[in-house]
Amino acid sequence: MNYTSEMEILPFMQKENTCCFTGHRKLPEGDIEAIVGKLDHAIRLLAHAGYEYFICGGALGFDMLAAERVLHAATSNPKVKLVLALPCRNQTEKWEKIGGNGIDYVREYHKMKGLASAVYYIEDFYTDDCMMRRNRSMVERSSFCVAYYNGKPRSGSGQTFRMAQKDGLKIYNIFDLVK
């Protein structure tokens, strides 16, 4: 695992070969298989087009699913690299086992960090704006955004989606394709 600061990560990432992800924390169980298929397809196409760095924000739900699929793609394409842009070092402090499926998301989060090519933090500890600044950081470093956004304006996913639109990123919204 390579823990880096934002400044150390900048030299090897270029907007032209970097994609970020944004999506909701709660995903419909019945859509997971379709979302995985669309994620795999998008990552494969982007890698074929020269994208190497895939930035995930480490949140529950779509972020963790996207990170898992990037790591899966990296097993067959060594140019594919997972970069985690985390809002703070104590991001999982209030996480618990979520849902009835018994998945320990904190353990999965730490496993994901251990397998990532790079990890950088916006803040050491949670602040009121660290997640928004993490979202801004991901968008500023990317030229493409893969989203799972349902169009509801009051969410971090909506905020990131709008940032990506405003900054002119190409956007692939999986939500539109699985509904």
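In the protein, 81% of the contacts with a separation of 6 or more are between residues 24 or more positions apart, contact meaning heavy atoms within 4.5 Å. The model is a predicted one, in which local features need pLDDT of at least 70 and side-chain atom pairs count only at pLDDT 80 or more, while totals for chains, interfaces and linings use all residues. Residues are numbered from 1 along each chain as its sequence is written, and side-chain values use heavy atoms, with hydrogens and water left out.

The protein has 7 helices and 6 strands; these are DSSP runs numbered from the N terminus, helices being H or I of at least four residues and strands E of at least two. From the N terminus on, the order of elements is α-β-α-β-α-β-α-β-α-β-α-β-α. Of the 179 residues, 50% are buried, a class defined by a relative accessible area under 20%, with exposed set at over 50% and partly exposed in between (1.4 Å probe, protein chains only). The accessible surface comes to about 9300 Å², and carbon and sulfur atoms hold 52% of this area, as computed by the Shrake-Rupley method with a 1.4 Å probe, where for residues only the protein chains shown count as cover.

The 6 strands form an open sheet with parallel pairing, in the order 4-3-2-1-5-6; two strands are taken to pair if DSSP finds at least two bridges between them. Strand 4 (118-123) and strand 6 (170-173) are the edge strands, each pairing on one side only. From one strand to the next, the twist averages 20°, with axes as lines fitted to C-alpha atoms (for helices, over the stretch in contact) and angles running from 0 to 180 degrees between N-to-C directions. Strand 1 (residues 18-23) pairs with strand 2 in the parallel sense over 3 bridges. Within this pairing, C20 has I55 of strand 2 as its bridge partner, and T18 stands opposite Y53.

Helices cover this sheet at several points. Helix 2 packs on the sheet and touches strand 1, strand 2, strand 5 and strand 6, its direction making about 175° with that of strand 5. Helix 3 (residues 62-74) also packs on the sheet, where strand 1, strand 2, strand 3 (81-88) and strand 5 are touched, and its direction makes about 145° with that of strand 1. In a regular strand the side chains alternate between the two faces of the sheet. Strand 2 has both faces covered: Y53 and I55 on one side, and F54 and C56 on the other, are all buried.

At 0% relative accessibility, A66 counts as buried. Leaving aside residues up to four places away in sequence, A66 touches F21, L39, I43 and C56. The C-alpha atoms of A66 and L82 lie 9.6 Å apart in space, for a separation of 16 residues in sequence.

Helix 6 (residues 156-166) has S157, G158, T160, F161, M163 and A164 buried. These buried residues pack against strand 1, helix 5 (130-140), strand 5 and strand 6. S157 has a relative accessibility of 6% and touches T22, G23, H24 and Y149, residues up to four places away in sequence not being counted. After helix 6 comes G168, whose phi is positive, near 80°.

A search of the whole structure finds 6 aromatic pairs, in which rings of Phe, Tyr and Trp (its six-membered ring) have centres within 6.5 Å; planes under 30 degrees apart count as stacked, over 60 as edge-to-face and the rest as tilted. Y51 and F144 form an edge-to-face pair, at 5.9 Å centre to centre and 75° between the planes. Y51 lies in the loop between helix 2 (32-48) and strand 2 (53-56), and F144 in strand 5 (residues 144-148), so the pair ties together parts that are 93 residues apart in sequence. Y51 is buried at a relative accessible area of 8%, and F144 is buried at 15%. One aromatic cluster is formed by F21, F54, F62, Y148 and F175.
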